[in-house]
Amino acid sequence: MNDKYLIPVFVSGTILLVLFVFFIIAYLLVQKHKQNAYALEKSRIAYDHRNNILKTRIDEQERTLHQISKELHDNIGMLLHFKSLNIDRIGMLATDEEQKKLIRNAQDILDHLLADVRSISHSLNSDYVKNLGIKDAVTKELEYVHAATGIVCTVNVEGNEVGYAPAKELLVYRIVQEALHN
């Protein structure tokens, strides 16, 4: 082969080799980018799925608590109220002072029980927090703790109150309830 053809062939071969390496590197970079995008999308889908499961679990728990709240308020509260009316009537019929005293004690216990059932019913109901507000709902919860245990608790809010979405306030309230009861 002639020297005059050797240099252009060598230069052409080198250029082709460089172009080939360039296209291989570009292809690998594009594939790596696609792989990263796929992994990122997969992570996002898994994250969304976990969040949906958590939201569904929280929604189901709130529906259950709401149903329990409704049952406590409507059924047990009503039965306690009727029992209270019966004890009042028995108290009117009692003739002995000792009987009247026992009936008043029973009535006081029943009234306290009815108030506790209403309080529990309200604290289980998510609308209670929404209507009352997080600060007042937590304050009421601390009053229940004080009534049950004698422990004095207070809520101190510093700065300006910031309103959050009802779902977030309810979540904070449930965390406070769990912390207090544990």
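Ile53 is found in helix α1, where helices (H or I, at least four residues) are DSSP runs numbered from the N terminus. With a relative accessible area of 39%, Ile53 is partly exposed; buried means under 20% relative accessible area, exposed over 50%, and partly exposed in between (1.4 Å probe, protein chains only). The structure is a predicted model, in which local features need pLDDT of at least 70 and side-chain atom pairs count only at pLDDT 80 or more, while totals for chains, interfaces and linings use all residues. Residues are numbered from 1 along each chain as its sequence is written, and side-chain values use heavy atoms, with hydrogens and water left out.

Two further residues are partly exposed: Ala26, which lies in helix α1, has 27% relative accessibility, and Asp111, which is found in helix α2, has 37%. The table gives C-alpha separations for these residues.

| Residue pair | Separation along the chain | C-alpha to C-alpha distance |
|---|---|---|
| Ile53 and Glu41 | 12 residues | 18 Å |
| Ala26 and Asp3 | 23 residues | 34 Å |
| Asp111 and Lys83 | 28 residues | 9.9 Å |

Helix α1 has 91 residues and reaches 132 Å from its first C-alpha to its last, close to the 135 Å expected at 1.5 Å a residue. The expected span of a helix is 1.5 Å times one less than its number of residues. At Gly77, α1 bends by about 30°, the bend being the angle between axes fitted to the seven residues ending there and the seven starting there. Gly77 is also among the buried residues of α1, which include Glu62, Leu65, Leu72 and Ile87.

Helix α2 has 28 residues, which should span 40 Å at 1.5 Å a residue, and the 40 Å between its end C-alpha atoms agrees. Its buried residues include Ile103, Gln107, Leu110, Leu114 and Val117.

How do the two helices pack? Helix α1 (residues 3–93) and helix α2 (residues 97–124) meet at an angle of about 165°, with their axes 9 Å apart. The angle makes α1 roughly antiparallel to α2, a term for angles over 145 degrees. Axes are lines fitted to C-alpha atoms, for helices over the stretch in contact, and angles run from 0 to 180 degrees between N-to-C directions. The crossing of α1 and α2 is left-handed, meaning that the near helix is turned anticlockwise from the far one by less than a right angle. The residues of this contact comprise 15 nonpolar, 10 polar and four charged; Asp, Glu, Lys and Arg count as charged, Ala, Val, Leu, Ile, Met, Phe, Trp, Tyr, Cys and Pro as nonpolar, and the others, Gly among them, as polar.

Terms used
Angles under 35 degrees count as roughly parallel, over 145 as roughly antiparallel, 65 to 115 as roughly perpendicular and the rest as oblique.
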